[in-house]
Amino acid sequence: MTDVGTYEDRELFRRIARGDEDAFRHIFEQYRGLLFAFAMKMTGSTVIAEEVLQEVFIKCWTSRTELAGIDVPRNYLFVITRNRILDHLRKIAADQRLLNQLWIIRSPEGDSADNAIGLKESSSLVEKALSTLTEQKQLIFRLSRYEGLSNGEIAEKLGLSKSRVKNVLVETTKFLRQTLLHHIEPILLLLFFRLF
Amino acid sequence: MNTLRGERIKELFTRYTSNTITRTEMEELFGYIRDGRNDPQLQEEMDNVFRELSKKKHQDPEIDWDFMFRKAIGANASPMHVVTPGPWKRFRGLAAAAAVIGVILGSVWFYKNFINSASDTGGQQVAEQTIQPGNNKAFLTLADGSVITLDDAADGTLSQQGNTTVIKMSDALRYQGSSATEGEILYNTITTPRGGQYKLTLADGSIAWLNAASSLRFPTAFTASVREVEVSGEVYFEVAPDARRPFRATWHNGGVEVLGTAFNVNAYTDEPTVNTTLVDGSVRLFSESSDVILQPGQQGRYSQSGSGRIVVKKVNTTRETAWKNGFFEFNGSIESIMRQISRWYDVDVKYEGNTKDIEFAGAVPRSMDINSVLETLETTGTIRFEIKGKTIVVKT
């Protein structure tokens with residue numbers, strides 16, 4: 001995968017290895033779009049894709065001394081991104097709850113009958129469905145819906161990026177809506193027993 | 001690398017990235033991801049995705065890039081604040097429209113124990129008295145007759161059976177061998193008690209999920225021309241494709257023969273019929289007197305007491321295999337429902353009054369404690385339950 005940019009990238013990598021933040025910013029800006037698109041394609045979740053990229057760039061910077069010896073920077077970035085994505089997918093593969101959440105997040109949004117269940121309101125149903133998510137996601141949702149905090153305020157409070165807060169809210173809302181809608185139907189049937 | 005499996009992974013992967021994958025296929029793909037042996041191929045598929053993406057221009061998504069960059073270089077690394085949850089306005093607006101009440105009523109029970117959430121507090125006392133649902137446990141009988149209890153065995157290599165290594169990984173067991181070799185065929189048996197379920201990966205890569213009160217006898221390596229296993233109770237199979245060696249599963253009065261497929265066998269001897277449901281692929285189902293080829297979505301059913309004549313009908317496979325995904329699919333008489341409950345909660349059932357004609361339809365998560373399940377059934381108003389120790393009395 002050698003191309004015209006390779007030579008230039010190699011030079012940037014050498015500078016990063018010496019601790020040059022400008023060079024790192026250059027690489028960051030040049031590759032973030034492609035790597036994000038890759039993580040997005042492989043997971044379908046904006047939240048996970050952002051997590052993957054954060055990990056990739058932390059890894060790049062913390063082990064920057066290795067970068068001096070990298071021949072094809074693009075491939076290097078690809079491989080660490082790929083491995084991080086695989087880590088996430090394995091984690092999902094090992095946990096039925098995460099797999100279920102990913103399935104819902106990836107599936108197209110249904111019709112808008114969702115208003116029948118006011119997600120803005122706290123109810124035991126929402127609470128139960130929420131409790132299957134990570135604590136951080138629950139907290140973000142609660143601070144937003146029940147405490148009325150803005151995305152910026154939540155990000156500040158929890159030390160997260162604003163985009164993460166926003167996307168966690170989008171995905172959590174979708175998860176709750178789909179869970180409540182689709183899992184309610186079968187149970188309702190129980191209320192309409194048949195007597196022969 | 002098994003090329004048939006390779007093709008299958010490629011196919012699933014393409015459907016996954018183009019978002020045309022079905023739920024079952026996604027489960028299958030993530031099964032391959034879980035199974036570390038497929039990593040080289042998964043990496044190759046990811047290479048291709050990346051190569052394709054590299055050819056295109058990408059829009060800068062709306063991500064807080066500045067934050068990410070700063071965090072990467074460790075500048076202003078935002079400390080993680082610990083936030084104590086405030087008093088959530090829990091019941092605000094519960095007075096929803098009357099139309100919604102029915103939904104909530106039915107669902108309160110549904111969510112009551114939807115997931116045995118670790119964050120759930122205050123349930124300790126109740127847990128002592130209520131009968132808890134089953135969990136992942138089983139016994140493994142090795143070729144030499146020794147028995148390993150699988151709920152408390154530590155993760156890692158459990159045993160060496162011939163050329164095959166038996167590995168326990170969290171809640172599943174895997175047989176991993178050098179490719180088929182000559183030699184003595186060793187048989188192991190995995191048995192789930194009432195209140196147990198277990199997942200097992202056989203030496204050929206086929207996966208079997210055992211429901212409660214079931215067993216599977218299988219060779220530790222598949223060296224013969226037919227991959228043969230014996231089933232009792234209920235088992236869901238995802239058979240690894242191998243055109244040269246058919247896979248045959250037999251039970252007390254029948255069996256199936258397949259090449260590579262996913263199917264569920266319910267052959268409990270206390271059920272009136274033996275039901276085989278084909279999810280994917282193709283199987284030949286045989287009873288003692290007849291045989292039939294099933295198509296995906298079909299169920300072959302024959303009576304335990306009759307002539308063995310097989311009746312084929314179209315079924316909802318998701319419902320028929322709901323147990324594997326953690327649900328009871330109740331559809332039919334109270335007796336059939338109570339048989340499922342008795343196997344999963346390890347309880348006995350007695351009937352008082354005429355309960356014969358009561359039927360139910362619906363789904364309930366298997367993670368619920370028994371009280372919640374019975375309460376849900378009671379909401380229909382036709383039936384009542386009394387729990388006496390480990391016995392459930394059903395009353396009209």
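## Salt bridges in chain A

With a relative accessibility of 24%, E51(A) counts as partly exposed. In this predicted model, the side chain of E51(A) meets that of R164(A) in a salt bridge, at 2.8 Å from N to O. The pair links distant parts of the chain, since E51(A) belongs to helix α3 (residues 46–62) of chain A and R164(A) to helix α9 (residues 162–191) of chain A, 113 residues apart. R164(A) has a relative accessibility of 12% and counts as buried.

A second salt bridge in chain A joins R14(A) to E11(A), whose closest N and O atoms are 3.2 Å apart. These two residues lie three apart in helix α1 (residues 5–17) of chain A, so about one helical turn separates them. R14(A) is partly exposed, at 34% relative accessible area, and E11(A) is partly exposed as well, at 35%.

## Charges in chain B

Over all chains the count of salt bridges comes to 34. One of them pairs R319(B) with E329(B), with 3.6 Å between the closest N and O atoms. R319(B) is in helix α7 (residues 317–320) of chain B and E329(B) in strand β20 (residues 327–333) of chain B, ten residues apart. The relative accessible area of R319(B) is 39%, which makes R319(B) partly exposed. A network of salt bridges links R8(B), E11(B), R15(B), E25(B), E28(B) and D280(B).

Two arginines of chain B sit over aromatic rings. R343(B) lies over the face of Y268(B), 3.5 Å from the ring centre. The charged end of R366(B) is placed over the ring of F328(B), at 5.7 Å from its centre.

## Aromatic pairs

The structure holds 19 aromatic pairs over all chains. F28(A) and W65(B) form one that is edge-to-face, with 5.8 Å centre to centre and 80 degrees between the planes. This pair crosses between chains, from helix α2 of chain A, which holds F28(A), to helix α4 (residues 65–72) of chain B, which holds W65(B). F28(A) counts as buried at 1% relative accessibility, and W65(B) counts as buried at 8%.

Within chain B, the ring centres of W209(B) and Y236(B) are 5.6 Å apart and their planes stand at 70 degrees, so this pair is edge-to-face. W209(B) lies in strand β9 and Y236(B) in strand β11 (residues 227–238), both of chain B, so the pair ties together parts that are 27 residues apart in sequence. Both W209(B) and Y236(B) are buried. Ring pairs also link F24(A), F28(A), F36(A), F57(A), W61(A), W65(B) and F69(B) into a cluster.

## Nonpolar cores

The largest nonpolar core has 57 residues, of which F24(A), F38(A), M42(A), L53(A), Y16(B) and F30(B) touch the most other members. Helix α2 (residues 21–43) of chain A gives the most to this core, contributing twelve residues. Leaving aside residues up to four places away in sequence, M42(A) touches I85(A) and L89(A) of its own chain, together with F13(B), Y16(B), T17(B), M46(B) and V49(B). A second, separate core of 37 residues includes I148(B), L210(B), V231(B) and Y302(B).

## Confidence

The model scores ipTM 0.86 and pTM 0.47. Chain B has a mean pLDDT of 79, with 83% of its residues at 70 or more. Among the elements of chain B, the highest mean pLDDT is that of strand β9 (residues 207–210), at 94, and the lowest that of helix α5 (residues 98–112), at 31. The pLDDT is below 50 over residues 76–128 of chain B, a stretch that has 83 contacts in the model beyond near neighbours in sequence. Where pLDDT is low, the predicted coordinates should not be read in detail.

Terms used. Residues are numbered from 1 along each chain as its sequence is written. Chains are lettered from A and ligands numbered from 1 in the order in which they are written. Side-chain values use heavy atoms; hydrogens and water are left out. pLDDT is the predictor's confidence in each residue, from 0 to 100. Helices (H or I, at least four residues) and strands (E, at least two) are DSSP runs, numbered from the N terminus. Contact means heavy atoms within 4.5 Å. A nonpolar core is a set of buried Ala, Val, Leu, Ile, Met, Phe, Trp, Tyr and Cys residues joined through side-chain atoms within 4.5 Å. Buried means under 20% relative accessible area, exposed over 50%, partly exposed in between (1.4 Å probe, protein chains only). Rings of Phe, Tyr and Trp (its six-membered ring) pair if their centres lie within 6.5 Å; planes under 30 degrees apart count as stacked, over 60 as edge-to-face and the rest as tilted. A charge sits over a ring if NZ of Lys or CZ of Arg is within 6 Å of the ring centre and within 35 degrees of the ring normal. A salt bridge is a side-chain nitrogen of Lys or Arg within 4 Å of a carboxyl oxygen of Asp or Glu.
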